[in-house]
Amino acid sequence: MRALLDVAGLDGASDAVRLAVLVLASRTPSETGVVAIRTSELGRWLGLSASYVASNVVPVLRRSGVVSVDTAEGEFGQDDGLECRVLPLWAAQDVVGHPLALAKKEYATLLRLMEAVMGPGWTLRDGRVIPAGLIGTRTGRGAATDRLALLLLVLEARETGRVRQCGGTVDTRRGRAAATVARLLGCTAAAGERVLERLEERELVLRVRLRTGSGLVNRSRLMVPAVAAAHGRTAADDVQEDRAKAPKPDFSDPDVAARAGEPSELETESQVSGVSVADEADVAEPDVAAALHTDHPHLVTPVVPLQLSRGFSGEGRGGNHGLPDRACVREDPAADGETAAAATGSPMAGDGPLRGEKPEEYPVDERVGQRGSVAGAGGRPKAVGGGKAQQQRRVGLPADLRLRVALGPVAWLWERLSGWQQDQVEAATKAELAQLAGLGVAPEGAPRLLANRLTDRLEETGGEALVTGPYGWLIRRGLVQRPACSHRKCDDGIRLDTCEDCENCANMLHLRRSRRARVAAEVEAQLPGLGERERRQVLEERLREAAALEAEDLVWRRQQAREEQQRRAAARAEAAALAEAERQAAAAALQVLPCEDCGQEQAGGLCEVCGYRRQTEALTAEAGLVAAAGSADLDDSQAVAAVLVHVRETLQAAARKVQDDFLESAEPGELDADPLGTASVLAFGALQAVQDAAPEYRRRALEMLGRTEEVEAEARRAYRTEQGRRWFRHNPTGADAIAAATKAADTARERTAQYLLATRLERLREQAAARTDQARPAPWTDRLPQLAACPLDGGAAGEVIA
């Protein structure tokens with residue numbers, strides 16, 4: 001039903017058109033796929049007149065592209081006889097795993113369901129009368145909407161007749177039941193409420209409001225009594241299920257009394273009765289007013305588990321022993337340790353997936369392969385088989401919010417795990433969240449994405465109650481990613497990063513259909529005389545051969561890719577080893593070089609003492625340039641030279657003072673014992689002295705440049721600009737305006753001073769470079785021609801010899 005209603009051609013279509021597609025699909029013969037039906041008969045199924053169907057339903061079906069319609073005109077030119085083919089059903093034939101690839105028995109089941117829900121009723125020729133379905137007598141305006149709503153509610157209902165309501169925030173004036181119907185139909189909450197009211201008037205659905213022990217109205221439930229009756233139950237049975245009584249005094253409720261090492265936890269579920277009360281306008285449902293509401297997994301009754309002395313699946317649900325129509329019935333432990341069978345009149349009583357397959361056995365710890373420890377009344381784990389005590393399991397989900405969101409749909413399975421299994425599942429969940437983040441999923445959206453994956457996997461299984469091995473199911477099926485194609489971000493045909501349908505899966509499906517069509521054409525051309533069954537047999541054999549060849553090719557390509565990856569890894573490792581060897585050789589060659597300044601052997605080109613001296617000389621020169629840029633006239637070379645000399649002498653004096661202090665503090669024979677180390681310490685002390693004094697020269701230079709006319713002019717302009725802004729125009733001389741203008745002027749003054757200092761330093765460096773070039777002697781290649789042209793008289797010869 002969902003696959004048909006989600007077809008793109010039905011977007012924005014009316015409920016009558018959507019219901020017509022479902023009716024035609026249910027009446028489709030499995031052999032031909034073509035439905036022959038009269039317009040009047042289709043109108044009876046929809047609860048509409050034949051003229052309305054001919055003028056408003058059939059044309060829309062034809063334009064939608066979902067149903068191909070061939071018509072036979074009636075007496076007045078109207079569409080009377082219809083030959084329809086539901087194209088999605090036709091396209092899904094022989095597609096393995098497609099939800100619309102229905103078998104003959106599935107078509108029969110679908111038709112049987114449609115007849116039971118909305119069959120119009122017939123009178124046979126022999127006089128027998130086939131009664132109408134549940135809503136088959138509903139005709140006129142809104143009939144198609146009501147029929148579609150009831151059909152969807154029947155499909156959503158459990159065997160108890162209870163419909164799982166939608167989660168999240170809903171309109172408090174309408175209620176969660178109305179919001180559920182609205183979301184099923186894709187309409188507004190107001191429209192959903194009107195549909196629900198009409199269904200309630202016909203007693204097809206039932207909204208049961210539960211009452212607490214104090215008489216206050218609690219949450220409501222949406223029930224379909226016909227579904228419950230079909231399973232031998234009544235709506236009252238399901239209401240009875242969630243009634244909770246106080247636990248017997250033999251056991252301590254872990255949700256009320258804390259065990260050793262565990263904090264107390266308050267009850268989160270109110271105890272309710274099964275009495276339905278009338279709707280009251282001034283009473284808001286708690287489920288409606290709540291901001292968040294969890295979608296409970298299908299076929300699972302919400303419970304509050306107790307950790308008692310047995311490991312049965314139905315034990316520990318609110319401490320209610322002997323309560324009829326519950327999954328824990330017949331599983332209450334007797335005094336002798338055996339299972340006591342409680343008498344019940346419910347038709348659901350008996351062994352089944354909701355009751356556990358083997359109620360005599362205890363849960364198995366999958367780590368050690370032996371029976372897990374059982375907790376006594378005090379909640380302490382007991383040793384099993386002489387081994388050490390099992391780890392204490394946690395009743396609730398982990399404290400990490402991301403893990404609580406991710407594992408929310410499987411909270412009941414979590415409570416059935418042992419302590420070690422919970423740790424393993426927690427680690428696996430963290431690994432999956434990290435993997436989702438590595439695939440491009442936003443970190444804040446990864447927990448919700450993983451929760452949706454667990455919800456889908458539970459729906460595939462049929463609910464938490466059908467999971468017999470919680471640990472294995474979570475580790476091997478629920479949490480793991482299942483790519484439907486070769487794309488690394490594909491999970492069951494959904495892209496993890498965009499949450500949309502995987503394009504690669506669509507491409508693969510298209511390729512497979514194309515291959516099937518090509519093989520079918522080849523079979524038809526080569527073997528034209530085969531019958532339908534033989535032709536299908538040959539087609540399937542050739543498709544299997546093609547699939548086997550494709551699998552072999554895939555294995556070969558993967559092997560080639562692995563070999564290529566190994567070759568590339570080996571090449572990268574070889575290149576890295578060669579580069580490391582070259583680096584070590586270069587470092588060794590550099591290590592044996594002597595010092596460029598003092599000639600010390602094996603100094604790596606520059607010894608430690610000479611390195612400190614070079615750094616000290618560079619800092620001294622830079623400090624001199626900074627001082628000259630802030631105080632001297634750059635056009636006066638003598639003034640600049642005087643400042644440079646003064647700064648150099650000052651820094652050298654500071655360095656000598658530091659060195660003298662060190663020499664005075666040293667022991668008499670200590671300096672002679674290690675002369676190289678002493679020289680290194682003295683050079684480093686001089687460097688430290690220059691480094692400490694250099695910032696002071698820069699501060700002074702900025703302070704002096706900040707008092708120049710250019711800086712003051714820029715500060716005045718910034719002051720006036722800030723004072724003239726539109727938010728200060730009403731009071732430019734106010735305190736706020738003056739403060740903002742002063743701050744802007746100071747910022748402009750500092751920024752302009754820094755700019756002037758950088759500009760003047762660049763100019764000084766250019767002048768120093770020019771003087772260095774002039775002082776450097778010309779190379780011999782330039783000087784030898786000049787000397788060769790000079791006459792060798794006595795004076796010149798003396799100069800040359802000199």
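Analyst: Axes are lines fitted to C-alpha atoms, for helices over the stretch in contact, and angles run from 0 to 180 degrees between N-to-C directions. This is a predicted model.

Start with helix α2 (residues 15-26) and helix α6 (residues 104-118). Their axes come within 8 Å. The crossing angle is roughly 130°. Angles over 145 degrees would count as roughly antiparallel, and 65 to 115 as roughly perpendicular. The pair α2 and α6 is therefore oblique.

Which residues meet? From α2 come Leu19, Leu22, Val23, Ala25 and Ser26. On the α6 side they face Tyr107, Leu110, Leu111, Met114 and Met118. This contact of α2 with α6 has 9 nonpolar residues, 1 polar and no charged.

Next, the ring pairs. The structure holds 4 aromatic pairs. One of them is Trp45 with Trp122: the ring centres are 5.8 Å apart and the planes stand at 55°, so this pair is tilted. Trp45 sits in helix α3 (residues 39-46), while Trp122 belongs to strand β4 (residues 122-123). The two are 77 residues apart, and the pair links distant parts of the chain. Trp45 is buried, with a relative accessible area of 0%. Trp122 counts as partly exposed at 22%.

Trp420 and Tyr471 form another tilted aromatic pair, with 5.7 Å centre to centre and 45° between the planes. Trp420 lies in helix α15 (residues 419-438) and Tyr471 in helix α17 (residues 470-478), so the pair ties together parts that are 51 residues apart in sequence. Both Trp420 and Tyr471 are buried.

Now two threonines in helices. Thr461 lies in helix α16 (residues 446-461). Thr461 has a relative accessible area of 18%; the cut-off for buried is under 20%, so Thr461 is buried. A polar atom of the Thr461 side chain lies 3.0 Å from the backbone oxygen of Arg457. Beyond its neighbours within four places in sequence, Thr461 is in contact with Leu466, Val467, Trp473 and Arg477.

Thr616 is placed in helix α20 (residues 608-631). Its relative accessibility is 13%, so Thr616 counts as buried. Here the backbone oxygen of Tyr612 lies 2.8 Å from a polar side-chain atom of Thr616. Not counting residues up to four places away in sequence, Thr616 touches Ala683, Ala686, Leu687 and Val690.

Technical notes. Residues numbered from 1 in each chain as written. Predicted model: local features only at pLDDT ≥ 70, side-chain atom pairs only at ≥ 80, totals over all residues. Heavy atoms only, no water. Helix = DSSP H or I, 4+ residues; strand = E, 2+ residues; numbered from the N terminus. Parallel < 35°, antiparallel > 145°, perpendicular 65-115°, else oblique. Contact = heavy atoms within 4.5 Å. Nonpolar A, V, L, I, M, F, W, Y, C, P; charged D, E, K, R; others polar. Buried < 20%, exposed > 50% of the residue type's maximum accessible area, 1.4 Å probe, protein only. Polar contact = N/O pair within 3.5 Å; in protein donor to acceptor, adjacent residues only side chain to side chain. Phe/Tyr/Trp six-rings, centres within 6.5 Å; stacked < 30°, edge-to-face > 60°.
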